[in-house]
Number of protein chains: 2
Amino acid sequence: MTALRLDGEVLRAIDQTLLPWRERELELTGAADVAEAIRRLAIRGAPLIGVAAGYGVALELARDPGALASACQTMLRARPTAVNLAHAVERVRRAASDVPPGRQAAAALAQARSIHAEEEAASEAIATHGAELLAGRRRILTHCNTGALAAPGRGTALGVLAELASSDQLEQVLVTESRPLLQGARLTVYELRRLGVAHELLVDGAACGVIAGGVVDAVIVGCDRVAANGDLANKVGTYGLALAARAAGIPFVVAGPTSTIDPRCPTGAQIELEERSPEEVRSVSSSAGAVPVTAPGTPCRNPAFDLTPASLITALVTERGVASPVAAESVSRLLPSPARA
Amino acid sequence: MTALRLDGEVLRAIDQTLLPWRERELELTGAADVAEAIRRLAIRGAPLIGVAAGYGVALELARDPGALASACQTMLRARPTAVNLAHAVERVRRAASDVPPGRQAAAALAQARSIHAEEEAASEAIATHGAELLAGRRRILTHCNTGALAAPGRGTALGVLAELASSDQLEQVLVTESRPLLQGARLTVYELRRLGVAHELLVDGAACGVIAGGVVDAVIVGCDRVAANGDLANKVGTYGLALAARAAGIPFVVAGPTSTIDPRCPTGAQIELEERSPEEVRSVSSSAGAVPVTAPGTPCRNPAFDLTPASLITALVTERGVASPVAAESVSRLLPSPARA
């Protein structure tokens with residue numbers, strides 16, 4: 001299973017909205033296609049949407065040499081919170097702008113491939129650093145999906161768990177279902193099953209009590225955006241897990257590539273948190289498609305992300321090492337020097 | 001709408017598993033019927049299952065004068081956590097035992113009616129005390145369902161909200177969906193709509209972040225069992241809400257009749273927390289019935305309740321007044337003297 005792969009002038013992506021019921025591949029040929037797939041979460045996960053966005057701009061440019069600016073705009077509007085998308089679009093835009101018109105498409109594609117390769121390498125390094133950090137923690141709870149469906153390679157938080165499992169250091173993974181779109185129940189369970197890792201699924205509301213019950217040795221999550229001071233924007237439910245982990249005295253670990261760090265956001269307060277359609281709350285995706293779970297027209301709030309303050313995070317694991325405690329200084333040391341404030 | 005009413009020798013109960021899609025009334029004629037309805041949550045809510053259990057024993061006794069002991073056993077096995085059920089069964093058992101055989105059924109029925117009337121009065125008193133306590137808190141978050149479907153009268157926590165709304169003191173109720181069985185999405189939304197109270201529905205994972213976001217002035221929940229020291233067993237998700245309310249500096253209020261207090265449980269550690277079928281996590285109840293949300297056979301944990309320590313509870317509102325701070329001494333003062341340690 002590969003979440004995303006370039007095949008000539010087509011970007012092939014597993015439609016994650018259909019998993020685990022159907023394994024269908026989308027064929028995306030331009031920026032609008034890719035943006036739509038990202039918007040409806042057919043492609044998701046901060047690192048993966050960055051990679052897809054890079055390809056989206058490059059594919060569009062191959063079709064229409066004059067489309068650089070508009071392709072970038074299309075991609076940037078797809079989702080607001082994960083900064084990887086903006087980072088990737090900017091890198092591809094700059095690579096294309098730096099060369100003569102006739103070579104822009106090739107330069108954009110090379111840059112998109114390079115982002116892809118870097119994120120794949122980052123995943124491997126994160127798995128190594130994270131497994132070192134969590135050695136001896138045998139029962140680990142994770143949230144949402146942060147595996148091979150969320151990032152190139154084995155993923156971020158789930159990549160760490162896969163690494164621990166591969167060296168027989170893991171007894172069990174506890175997985176929250178991650179409503180509204182059930183990335184835990186649908187995608188993480190699907191990945192853990194394929195990896196052969198023992199797991200149990202929980203409803204989101206059960207997680208804090210299970211952590212308090214003493215059967216969890218650590219919590220690990222991914223990240224959609226990390227502010228310069230280490231504040232975290234991640235899938236709704238993350239903040240409650242961090243509170244429960246703190247109260248239980250177990251580590252709360254965040255894993256993600258440095259491309260998710262946004263040095264231009266001083267704190268979490270500056271991160272735009274996406275609010276998605278109320279229809280996602282009113283219904284649930286099942287093997288029978290989306291089915292209603294409340295009265296039609298019920299007013300809903302549907303924040304896709306919440307904020308966890310750096311003070312609740314035990315460690316931030318990236319491909320460039322681990323920040324712990326998590327604060328402006330330790331986060332800054334993870335960034336390549338030009339990106340530092 | 002009346003969740004439960006005695007009609008001659010039939011107990012009529014709305015089948016809450018079908019709401020809001022269908023309003024169907026069950027006709028229950030004996031202890032086994034009532035126990036089954038309680039077990040599958042067609043009748044639910046700590047006060048309501050107490051009332052139903054009292055009627056269950058009385059109806060069985062009317063059919064079979066020798067069935068007192070077995071009817072009590074049948075009821076007691078229905079659900080383990082809410083202590084109201086055990087309280088009610090014991091009261092009806094004692095009332096029947098105290099009279100000659102020929103009058104047992106009548107005595108049992110009179111006692112069951114008395115429990116029903118007391119709980120209805122308790123709901124009203126809770127609404128009054130709770131509304132006083134929460135005056136000025138205009139945006140209140142609640143969890144699960146604690147209204148007229150969970151208790152006689154207007155309910156417990158939701159009765160407080162109905163009282164605040166009736167005097168125009170409430171701007172909005174935020175409702176968590178309360179997976180796995182969606183009592184918030186299905187039942188609380190249904191009740192608030194009928195009451196004409198403005199509301200918004202959230203997935204459970206979103207609640208802590210929304211509380212941290214400053215748009216919630218208080219959290220109020222019901223209770224399935226309260227230990228002598230004030231520790232609370234309530235629907236999974238409650239503990240996380242209490243942590244988030246504490247972190248945000250807003251009140252976390254628990255509302256319920258004193259029949260939910262168990263003076264024989266010194267602390268929450270002695271409360272038996274029901275673990276329910278994994279199938280509830282693997283599927284979701286929708287307008288199309290139960291539909292799968294994960295791969296078949298996925299291993300699940302499904303605790304129905306979690307524990308919230310008394311130290312996180314701002315106030316316990318009962319029909320006999322308010323305990324605040326919540327601790328062994330203040331809880332004990334709420335109990336009628338014979339029940340006190």
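Biologist: What percentage of the interface residues of chain B are also interface residues in chain A?

Modeller: 100% of them, so the copies meet through the same surface. This is a predicted model, where local features need pLDDT of at least 70, side-chain atom pairs count only at pLDDT 80 or more, and totals for chains, interfaces and linings use all residues. Residues are numbered from 1 along each chain as its sequence is written, chains are lettered from A and ligands numbered from 1 in the order written, and side-chain values use heavy atoms, leaving out hydrogens and water.

Biologist: How many residues does each chain bring to the contact?

Modeller: Chain B brings 51 residues and chain A brings 51 residues, with contact meaning heavy atoms within 4.5 Å.

Biologist: And what area do the chains bury between them?

Modeller: About 3,800 Å², of which 66% is on carbon and sulfur atoms. Buried area is the accessible area (1.4 Å probe) lost on putting two parts together, summed over both. B:Leu201, B:Val293 and B:Arg301 supply 16% of the area that chain B buries against chain A, more than any other three residues.

Biologist: What does the side chain of B:Arg301 meet?

Modeller: The side chain of A:Glu200, in a salt bridge at 2.7 Å, N to O. The rule (a side-chain nitrogen of Lys or Arg within 4 Å of a carboxyl oxygen of Asp or Glu) finds four salt bridges across the interface of chain B and chain A.

Biologist: Which helix gives the largest share of chain B's side?

Modeller: Helix 9 of chain B, with five residues. Helices (H or I, at least four residues) and strands (E, at least two) are DSSP runs, numbered from the N terminus.

Biologist: New topic. Is helix 6 of chain B mostly covered or mostly uncovered?

Modeller: Helix 6, residues 157–166, is mostly covered, with seven of its 10 residues buried. Buried means under 20% relative accessible area, exposed over 50%, partly exposed in between (1.4 Å probe, protein chains only). Among the buried residues are B:Leu158, B:Val160 and B:Leu164.

Biologist: What do they pack against?

Modeller: The buried residues of helix 6 pack against several elements of chain B, including helix 5 (104–133), strand 4 (139–142) and helix 7. Just after helix 6, B:Asp168 takes a positive phi of about 60°.
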